[in-house]
Amino acid sequence: MTNQRSSPIRALIFDFGGVLVRTQSSESRNRLAAGLGLTGDELTALVFDSEEGRLADLGQISSDERWRSIFDQLGVSPEERSTFVPRFFAGEALDHELVQWIRLQHGPYKTALLSNASDSLGSHIRDQLGLGDAFDVILISASVGMSKPDPGIYRLMLEQLQVDPQEAVFIDDRTENV
């Protein structure tokens, strides 16, 4: 029997949507969808799982281009466009307790955020949410042209953190990404 030493955990990596930010209420999204003749799930799929969503997550189109395309597909009037996105995300809430815990871990551990998202998320995390100081690395799929579960995005994260795979823990709400 060989004596194998396990590597200590040196890095904690978190997903954004579904982990740091979660849907607390679907009411606003469902009302928005109903006004368009859709269910909340259909509207959510159009935003996140459509071709536009995939292209935005890979950085092949901008967040603004994704929303313009969705607005055009749904027939959203120019007057309604400025309130559409805030209404779509109105039920989302940042987990402040988790953020506080991450900040406590930042120092003893390297902390990072890895998210499949469009080009606007990085600035939203840093500027609107004020979370830049909680992470050593913030890696958004659109900025690198790869998305989870592509192994390349995980390798890039590990390289940026300067840790080996066995030294990192990744927390995501989607099993296929872990």
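**Entry 1: helix 2 against helix 4**

I looked up the packing of helix 2 (residues 40-48) on helix 4 (residues 63-74) and found an angle of about 140°, with the axes 10 Å apart. The model is a predicted one, in which local features need pLDDT of at least 70, side-chain atom pairs count only at pLDDT 80 or more, and totals for chains, interfaces and linings use all residues. Residues are numbered from 1 along each chain as its sequence is written, and side-chain values use heavy atoms, with hydrogens and water left out.

I noted the conventions: axes are lines fitted to C-alpha atoms, for helices over the stretch in contact, and angles run from 0 to 180 degrees between N-to-C directions. Helices (H or I, at least four residues) and strands (E, at least two) are DSSP runs, numbered from the N terminus.

Helix 2 and helix 4 are therefore oblique to each other (angles under 35 degrees count as roughly parallel, over 145 as roughly antiparallel, 65 to 115 as roughly perpendicular and the rest as oblique). I listed the residues in contact (heavy atoms within 4.5 Å): helix 2 contributes Leu43, Leu46, Val47 and Phe48, and helix 4 contributes Arg66, Trp67, Ile70, Gln73 and Leu74. By class, I recorded seven nonpolar, one polar and one charged residues in this contact (Ala, Val, Leu, Ile, Met, Phe, Trp, Tyr, Cys and Pro count as nonpolar, Asp, Glu, Lys and Arg as charged, and the others, Gly among them, as polar).

I traced an open sheet of four strands, in the order 5-4-1-6 with parallel pairing (two strands pair if DSSP finds at least two bridges between them). Strand 5 (137-140) and strand 6 (168-171) each have a single partner strand, so one side of each edge strand is left without a neighbour in the sheet. The twist from one strand to the next averages 20°.

I then checked strand 4 (residues 110-115), which pairs with strand 5 in the parallel sense over four bridges. Alanine 112 has valine 137 of strand 5 as its bridge partner.

**Entry 2: helices on the sheet**

I found helix 7 (residues 121-128) lying across strand 4 and strand 5, at about 145° to strand 5. Helix 9 (residues 151-161) also packs on the sheet, touching strand 1 (11-14), strand 4, strand 5 and strand 6. The direction of helix 9 makes about 155° with that of strand 4.

**Entry 3: the chain**

I counted nine helices and six strands in the chain. The C-alpha atoms fill a box of roughly 65 × 30 × 30 Å along the principal axes.
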